Amino acid sequence: SDALGWGWRWAFLAFLPLGFVTWPMASRLLPSDPERPGGSVDVVGAVVLAVASLLVLFPLIQGQSAGWPPWLLLLLAAALPALAAFVAVERRLVRRGVEPLVDPALFGLRSFRVGNVIGVVTGLLSFAVVVFVTLTIQYGFDRSALEAAALTAPIPFANMFGSLAAAPLL
């Protein structure tokens, strides 16, 4: 019985105890970020990047269910000038000697570009594997969503420990 009508959203409550345990541990174990003189927040860059992200993500999320109406395609196309505006804002800040949200000079480094491509591909594949395995468990083996969640719960730990084991090899 779903007393409050939360349905599957109850699954997120499992993260509360984990958060209550890890937050104090992190505040004690992680080094503090030293104060940097003259540091400021790039509010304009953050807003422009948020708008550009919305112009990409909203059409991609809603497009198929809405039948890809022209206005969604226009929003998606508007993302390109918004991203160009973000780059222009960040370059202007660098010229003024202000710390940008993302320093455009980083993209001049081959290792940064390659690292970003590897990170995106790895992230997409990791997400796709979890979705594929979860749906296979539910539909292929006729299990409930709760059983699928319980069976896939070790995956993040395998990723974490696998990353820790692979780091020295890199």
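**Close-up 1. Helix α4 in the predicted model, from end to end.** Helix α4 is built from 31 residues and reaches 43 Å from its first C-alpha to its last, which is close to the 45 Å expected at 1.5 Å a residue. The structure shown here and in the other views is a predicted model. Within α4, the residues T134, I137 and Q138 are buried, and the buried residues of this helix pack against α5. An α-helix has 3.6 residues a turn, so residues three or four places apart point the same way. The helix is followed by D142, a residue whose phi is positive, near 55°.

**Close-up 2. The crossing of helices α4 and α5.** The axes of α4 (residues 110-140) and α5 (residues 145-152) come within 9 Å of each other and cross at roughly 135°. Because angles over 145 degrees are needed for a roughly antiparallel pair and those from 65 to 115 count as roughly perpendicular, α4 and α5 are oblique to each other. Their crossing is right-handed. On the α4 side the contact is made by V133, T134, I137 and Q138, while α5 contributes A145, A148, L151 and T152.

Close-up 3. Helix α3 (residues 70-95) has 26 residues, and the distance from its first C-alpha to its last reaches 38 Å, close to the 38 Å expected at 1.5 Å a residue. Just after α3 comes G97, which takes a positive phi of about 80°.

Close-up 4. G63 has its place in helix α2, and because its relative accessibility is 0%, G63 counts as buried. Although G63 and L73 are ten residues apart in sequence, their C-alpha atoms are 8.2 Å apart in space.

Note on methods:
Residues are numbered from 1 along each chain as its sequence is written. This is a predicted model: local features need pLDDT of at least 70, side-chain atom pairs count only at pLDDT 80 or more; totals for chains, interfaces and linings use all residues. Side-chain values use heavy atoms; hydrogens and water are left out. Axes are lines fitted to C-alpha atoms, for helices over the stretch in contact, and angles run from 0 to 180 degrees between N-to-C directions. Helices (H or I, at least four residues) and strands (E, at least two) are DSSP runs, numbered from the N terminus. Angles under 35 degrees count as roughly parallel, over 145 as roughly antiparallel, 65 to 115 as roughly perpendicular and the rest as oblique. A crossing is left-handed if the near helix is turned anticlockwise from the far one by less than a right angle, and right-handed if clockwise. Contact means heavy atoms within 4.5 Å. The expected span of a helix is 1.5 Å times one less than its number of residues. Buried means under 20% relative accessible area, exposed over 50%, partly exposed in between (1.4 Å probe, protein chains only).
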